[in-house]
Amino acid sequence: MEETATNFTVCGIANLLAAIFGVDAARVRQRLGIPPERAKNYCLNCKKPVAKHRKCCSRKCQNEWKHIKIECAVCGKLFARRQSRVLRFLKQPQRNGKLQEHFFCSKSCCARWLGKHFGFAAYPEHAWRPS
Ligand SMILES: [Zn+2]
Ligand SMILES: [Zn+2]
């Protein structure tokens, strides 16, 4: 069986012609009717090359990329939160007019933090004392 010119060698010729005539390889390709080289995209998470219209190579990567790791303000544990949610939180002032800057891994950590900063520890006068 005779060896046929593969797409690869044709692309090589386009590059060669481009180098010889000092023209753009994409133009030579166009003249020769060779489809333009696919623009490469890279996975936003693991940096692997992916198809042009894709952001990530896999669902797993997409999921990982969408979530960012934040440290719990109470226990220091790293936990994942949706990037968009965190950004929204950071931009949006809370009821007290301050911007959110603390994140908690769980409700119990949040409660512990609130207790420490706004509870009886911070305002002992609020604590119920037996008379
Ligand atoms: Zn990936
Ligand atoms: Zn925590």
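**Terms and their grounds**

Guide: This is a predicted model. Let us begin with Ala 80, which, once its neighbours within four places in sequence are set aside, is in contact with His 67 and Lys 69.

Visitor: What makes His 67 and Lys 69 contacts of Ala 80?

Guide: A contact requires C-beta atoms within 7 Å. His 67 and Lys 69 are in contact with Ala 80, so their C-beta atoms lie within that limit of the C-beta atom of Ala 80. Ala 80 itself is found in strand E4.

Visitor: Is Ala 80 called buried, exposed or partly exposed, and why?

Guide: Ala 80 has 14 other C-beta atoms within 10 Å. Buried would take 20 or more and exposed 12 or fewer, so Ala 80 is partly exposed. As to its position, the C-alpha atom of Ala 80 is 8.6 Å from that of Glu 64, and the two are 16 residues apart in sequence.

Visitor: How do you know that strands E3 and E4 pair?

Guide: Two strands pair if there are at least two bridges between them. Strand E3 (residues 67–71) and strand E4 (residues 78–82) are joined by five bridges, so they pair, and they run antiparallel.

Visitor: Which residue has a positive phi although it is not a glycine?

Guide: Lys 47 does, with a phi of about 70 degrees. Lys 47 is placed in the loop between strand E1 (41–42) and strand E2 (49–50).

Visitor: Why is Lys 47 called exposed?

Guide: Lys 47 has 10 C-beta neighbours inside 10 Å. The cut-off for exposed is 12 or fewer, so Lys 47 counts as exposed.

Visitor: What is Ser 58 called, and why?

Guide: Ser 58, in the loop between E2 and helix H3 (59–66), has 14 C-beta neighbours inside 10 Å. That count falls between the limits of 12 and 20, so Ser 58 counts as partly exposed. The C-alpha atoms of Ser 58 and Asn 45 are separated by 9.5 Å, and these residues are 13 apart along the chain.

Visitor: Why is Phe 89 not called buried?

Guide: Phe 89 lies in helix H4 (residues 83–91) and has 17 other C-beta atoms within 10 Å. Buried requires 20 or more, so Phe 89 is partly exposed. Its C-alpha atom is separated by 8.3 Å from that of Glu 101, twelve residues apart along the chain.

Visitor: How do you know that helix H5 lies largely in the open?

Guide: The number of buried residues among the twelve of H5 is zero, so the helix lies largely in the open. Helix H5 (residues 107–118) reaches 16 Å from its first C-alpha to its last, close to the 16 Å expected at 1.5 Å a residue.

Visitor: What share of the protein chain counts as buried?

Guide: Of its 131 residues, 4% count as buried. The chain comes to five helices and four strands, in the order α-α-β-β-α-β-β-α-α from the N terminus.

Notes:
Residues are numbered from 1 along each chain as its sequence is written. Chains are lettered from A and ligands numbered from 1 in the order in which they are written. This is a predicted model: local features need pLDDT of at least 70, side-chain atom pairs count only at pLDDT 80 or more; totals for chains, interfaces and linings use all residues. Helices (H or I, at least four residues) and strands (E, at least two) are DSSP runs, numbered from the N terminus. The expected span of a helix is 1.5 Å times one less than its number of residues. Two residues are in contact if their C-beta atoms, placed from the backbone, lie within 7 Å.
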